[in-house]
Amino acid sequence: GTPGTDLRLTIDAGLQLAVEQELLAAWVADRAVSVSAVVMDPYTGEIYAEATYPSYDANDYRTIATDDPSRFLDPIVSQVYEPGSVFKMLTAIAAFESGKVDTKTRVNDVGTLWLDKHRAKVDDADRRAKGWMTFEDGVAWSRNVVAAKVALGLARTTAAASATLYEVWSRMGFGAPTGIDVAGEVPGLVNDPAVRTWRQIDLANGAFGQGIAVTPIQLATAFSAMVNGGTLVRPHVVAGVGDHEAAVTQATTVLQPGMSPTLVKLMNHVVTAVPFYHDRTLIPGYYVGGKTGTAQIWDSKAHDWKRNLFNYSFIGFVGRTTGHPDIVVAVRIHEGRPTVARVGQLEMPVMSFELFRRIAYDAITRPGILPDRRAPIDGTVAT
């Protein structure tokens, strides 16, 4: 801008510092390649904090430009990854919209599901059949077989079911830039089944977030739409320039009005039903929800999955009133190295959902971050 122009950001300096410290601690503990997080107002798209560690020292620009220029990329907008099970929430949207499935619909979790005339299969993480369970428990316990079965059942043919799921992905902003006002945003990679037909295995894998590449800012934006009453807001870091407020972009309505309360409840069920999450995600006195994801990482040089290295994600919300999210936090631990790696169990010193809780706690205890009071998404008046 011109000299003396006052650029005002939505970033809260104190929260930004706190988030950077949390990321550094998790990066050291988990021996990860990098750790990223973004904290966002799901109603306005304002970003209160966003950071990645390791980052770079701006005073040492020349050295880094020579040694490792990739450090200048902001992974939150410029780096794509396979999100894994956080995408089960998009399968849930497609399922609820189809009218065939609700949270209490029972699905038989068989542990391993054979597809494409026995040429391909989907496994649950522990490869064990858990038997009949409600769809909400299938999402909470993150059962791949449950997600795959529900996706395959979205329509009478694989082609129609694929088109249905892909349409939800597109509507929720995947495969297109969010329009965030920082440089270098990429649209991600999504295969359109109308261009290249999906087999059953492609549809099944898509149901739990494999075979698609997204950015953390896309995830934060899509989950914001899930919890804010169904509008896709544009994330932004510029609040205004000088006396001028930044123009507010018209948000697109992407979900039916009744969908948000159902999705919010489902995300709360995830962190309350599973003891493993319950103990390390909930914040006493606040309403919390979200979805975890653990995705294998493809090594393009070795043409195989990397051994005992995973992408861990958690996208969730925290709010002061039951059923009413106030902020969304998206966390990604890139190539974390689990200390315990058994079938169905991957433990790290700091799990994605614990990092979420630490950052969410930092955000809600910062003065001025939580809005004074808002009408909840279902139209009743908050007290």
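Which helices each supply at least two residues of the lining of the largest cavity? In this predicted model, they are helix H4 (88-98), helix H5 (135-140) and helix H6 (144-152). The legends below begin with that cavity and then turn to other parts of the structure.

**Figure 1. The largest cavity and its lining.** A search of the whole structure finds one cavity of 30 Å³ or more, and the volume of the largest cavity is about 30 Å³. Its lining is formed by Lys88, Thr91, Phe135, Gly138, Val139, Arg143, Val146 and Ala147. Helix H5 gives the most to this lining, with three residues. Sorted by class, the lining has four nonpolar, two polar and two charged residues.

**Figure 2. Helix H6 and its buried residues.** Seven of the nine residues of H6 are buried, so this helix is largely enclosed by the rest of the structure. The buried residues are Asn144, Val145, Val146, Ala147, Ala148, Val150 and Ala151. Val146 and Ala147 also belong to the lining of the largest cavity.

**Figure 3. The hairpin of strands S5 and S6.** Strand S5 (residues 112-115) and strand S6 (residues 120-123) pair in the antiparallel sense over four bridges. Four residues lie between the two strands, and Asp116 in the turn has a positive phi of about 50 degrees.

**Figure 4. An open sheet of three strands.** The strand order is S1-S9-S10, and the pairing is antiparallel. Strand S1 (7-9) and strand S10 (244-245) stand at the edges with a single partner strand each, so one side of each is left without a neighbour in the sheet. Between S1 and strand S9 (residues 238-241) there are three bridges in the antiparallel sense. Leu9 has Val238 in S9 as its bridge partner. In general, the strands of a sheet pair through backbone hydrogen bonds, either parallel or antiparallel.

**Figure 5. The largest nonpolar core and the contacts of Met226.** The largest nonpolar core has 100 residues, of which Val39, Met172 and Met226 touch the most other members. Helix H9 (residues 216-227) provides the largest share of this core, eight residues. With neighbours within four places in sequence left aside, Met226 is in contact with Met89, Leu90, Ile93, Met172, Leu255, Ser260, Leu263, Val264 and Met267. Another core, of nine residues, lies apart from the largest one and includes Leu115, Ala120, Val122 and Ala204. In soluble globular proteins, nonpolar side chains tend to be buried together.

**Figure 6. The largest pocket and its lining.** About 1400 Å³ of space lies in the largest pocket. Of the 45 residues that line this pocket, Asp124, Ala125, Asp126, Gly344 and Leu346 are the closest to its centre. Among the elements that give two or more residues to the lining are S6, helix H8 (200-207), helix H11 (275-281), strand S12 (287-299), strand S13 (304-319) and helix H12 (352-364). The largest share, seven residues, comes from S13. The residues of the lining divide into 18 nonpolar, 15 polar and 12 charged.

Note on methods
Residues are numbered from 1 along each chain as its sequence is written. This is a predicted model: local features need pLDDT of at least 70, side-chain atom pairs count only at pLDDT 80 or more; totals for chains, interfaces and linings use all residues. Side-chain values use heavy atoms; hydrogens and water are left out. On a 1 Å grid over the protein atoms alone, a cavity is a set of points where a 1.4 Å probe fits but cannot get out, and a pocket is an open set with protein on both sides within 12 Å along at least five of seven lines; lining residues have an atom within 4 Å of a point. Grid points are joined across faces, edges and corners, and a volume is the space filled by probe spheres set on the points. Ala, Val, Leu, Ile, Met, Phe, Trp, Tyr, Cys and Pro count as nonpolar, Asp, Glu, Lys and Arg as charged, and the others, Gly among them, as polar. Buried means under 20% relative accessible area, exposed over 50%, partly exposed in between (1.4 Å probe, protein chains only). Two strands pair if DSSP finds at least two bridges between them. A nonpolar core is a set of buried Ala, Val, Leu, Ile, Met, Phe, Trp, Tyr and Cys residues joined through side-chain atoms within 4.5 Å. Contact means heavy atoms within 4.5 Å.
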